[in-house]
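Keep the structure open beside the text as you read.

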Amino acid sequence: MIKQILGKIPRKHSKSAGESNFSASSSLKRGDGATTTTISAPYSAFDIANNNSNLKDTFLHNNNSRSSNENSVVPTSYEALPSFKDVPTSERQHLFVSKAKMCCVRFDFTVPTKNLREKDLKRQILLELVEYVASANEKFTENLMLEVVKMVSANIFRDFTPRPRENNNVLLDSLDFDDEEPHVDPAWSHLQVVYELLLRFIISPETDAKIAKRFIDHSFVMKLLHLFDSEIPSEREYLKSILHRIYGKFMVHRPYIRKTINNIFTCFVFEEEKHNGIAEFLEVFGSIINGFALPLKEEHKLFLVRTLIPLHKPKCLAMYHHQLSYCVTQFVEKDFKLADIVVRGLIKYWPVTNSTKELLFLNELEEVLEATHASEFQRCMVPLFREISSCLNSLHFQVAERALLLWNNDHIENLIKQNRKVILPIIFPSLERNARHHWNQSVRSLTLNVRKVFYDIDPDLFEECQIRFQEDESMEKEIEEKRESTWKLLEELASKKVVSNEAILVRPTSSAS
């Protein structure tokens, strides 16, 4: 809701060089492939200043999860400092440091009427710092960088007290995550400007990465990554933009970032199954994977096998499947030999009783098969079409319909036609049962279309499969009759011996074998 309100307000554009550099951002392709977007700040800091009055009512009705003990003592001399335009250029960085130290003080937002003047003053100072960083035209000093990181750390790094998530797994299928009311930290009016300052500081051309990496170190990055579990969607958007910029600017941190996120994913899949930032992590990784050099390193292939594929296991897959599917498809597009590994991985985690997840798997399967070469398709087609055959007979009409719609994809249809002698015998029984007995008219119609495709390209094979199906059907009927006769024999013998305690021995007969 907050993002929608802020999106309607026009942004102010600075004429300085800093503004033009802020607007440049790296492309990130979405999972559906339809549009190309960018990872950037959700909104401008100057929009933030204009919207404070709209957000106050929301902040007053939420509980604060921030600790009020650390950095919360307000100094007696918390007074405004001169504006940047009122001091000589040579003194501005010293003034910036002084203002940054003032902003290290954290206020208690659980009591809205407490320290109102100091809170407003701090927010104004933060906005001044953002404007200075955005319009800076001289290299930042080492001391300035240190104070920026100290101030940012004092404000954004905090412990979360998440809302109760009991019984979430039971209700996941019925929840509409887009309509869920987002949690808002009462201190977000300050935090938002701090995040904007950090983002502009990182992307500023005046920030020397060789010096800044001393302060934006592994410890800082690790704490930043843990903030992705925030329940505030706007905060996760900022964190996503900042992480993307850090990964691009500080090459020394790239292996550490990948390793730490990998650990978070592993913990999520195999231990907790609770994390709010999985979709944002995967969106960043989609951009990272897109930039992997060829041939792919073994480390990256292991990330696919040990991390991305197991991410299909959690029940809350729907929350991040769009981003996960894009990452997996990127790997197959970069190295077609990985298609067999991916398809077998999907089959391993294929849902048995969750129809919603099954639809997601079928959607992803189509994207993967579209990038699969014929040689890799042949390696996995037998177990794959056994699973698809099961989907064709699903009583959930959307699952059966989605499986049949795979034949609408020209590339997949060509692969199936080339390997029809193996595939048709596997799926023919499902097609016949659908055509005769499925309760949904749409599924029956699509089934007849698929049968016609096979009959048109190879009528001899089709008739051969039909004869075999009829033979199997008659054999199954015969076995069922024998089973029924055996049970009737048992019932008759039991009724004769019911008076006595004598054990009943049923001799195997040729008819019951």
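A charge sits over a ring if NZ of Lys or CZ of Arg is within 6 Å of the ring centre and within 35 degrees of the ring normal. K119 lies over the face of F109 in this way, at 4.6 Å from the ring centre. Keep in mind that this is a predicted model.

**Charges over rings**
- The K119 charge is placed over the F109 ring.
- K99 lies over the face of F84, and here the distance from the ring centre is 5.5 Å.

**The nonpolar core**
- In soluble globular proteins, nonpolar side chains tend to be buried together.
- In this model, the largest nonpolar core has 133 residues.
- The residues with the most contacts inside this core are M151, I156, L224, L308, Y320 and F385.
- Helix 9, residues 188-203, gives the most to this core, with 11 residues.
- Leaving out residues up to four places away in sequence, I156 touches L191, V194, Y195, L198, L224 and L227.

**Aromatic pairs**
- How many aromatic pairs does a search of the whole structure find? The search finds 22.
- F157 and F220 are edge-to-face, because their ring centres are 5.3 Å apart and their planes are at 70°, with over 60 degrees counting as edge-to-face.
- F157 lies in the loop between helix 7 (142-156) and helix 8 (168-171), while F220 lies in helix 11 (residues 218-226), so the pair ties together parts that are 63 residues apart in sequence.
- F157 counts as buried because its relative accessibility is 14%, and the cut-off is under 20%.
- F220 is buried too, with a relative accessible area of 4%.
- F428 and F462 form an edge-to-face pair, 5.2 Å centre to centre with 80° between the planes.
- F428 lies in helix 22 (residues 420-437) and F462 in helix 24 (residues 459-496), so this pair ties together parts that are 34 residues apart in sequence.
- F428 is buried at 1% relative accessibility, and F462 is buried with a relative accessible area of 5%.
- One aromatic cluster is formed by F228, F265, F281, F285 and F303.

**Helix 23 and helix 24**
- Two packed helices are described by the angle between their axes and the distance between the axes.
- The axes of helix 23 (residues 441-457) and helix 24 come within 5 Å and cross at roughly 120°.
- On the helix 23 side, R451, F454, Y455, D456 and I457 make the contact. They meet P459, F462, E463 and Q466 in helix 24.

Note on methods. Residues are numbered from 1 along each chain as its sequence is written. Side-chain values use heavy atoms; hydrogens and water are left out. A nonpolar core is a set of buried Ala, Val, Leu, Ile, Met, Phe, Trp, Tyr and Cys residues joined through side-chain atoms within 4.5 Å. Buried means under 20% relative accessible area, exposed over 50%, partly exposed in between (1.4 Å probe, protein chains only). Helices (H or I, at least four residues) and strands (E, at least two) are DSSP runs, numbered from the N terminus. Contact means heavy atoms within 4.5 Å. Rings of Phe, Tyr and Trp (its six-membered ring) pair if their centres lie within 6.5 Å; planes under 30 degrees apart count as stacked, over 60 as edge-to-face and the rest as tilted. Axes are lines fitted to C-alpha atoms, for helices over the stretch in contact, and angles run from 0 to 180 degrees between N-to-C directions.
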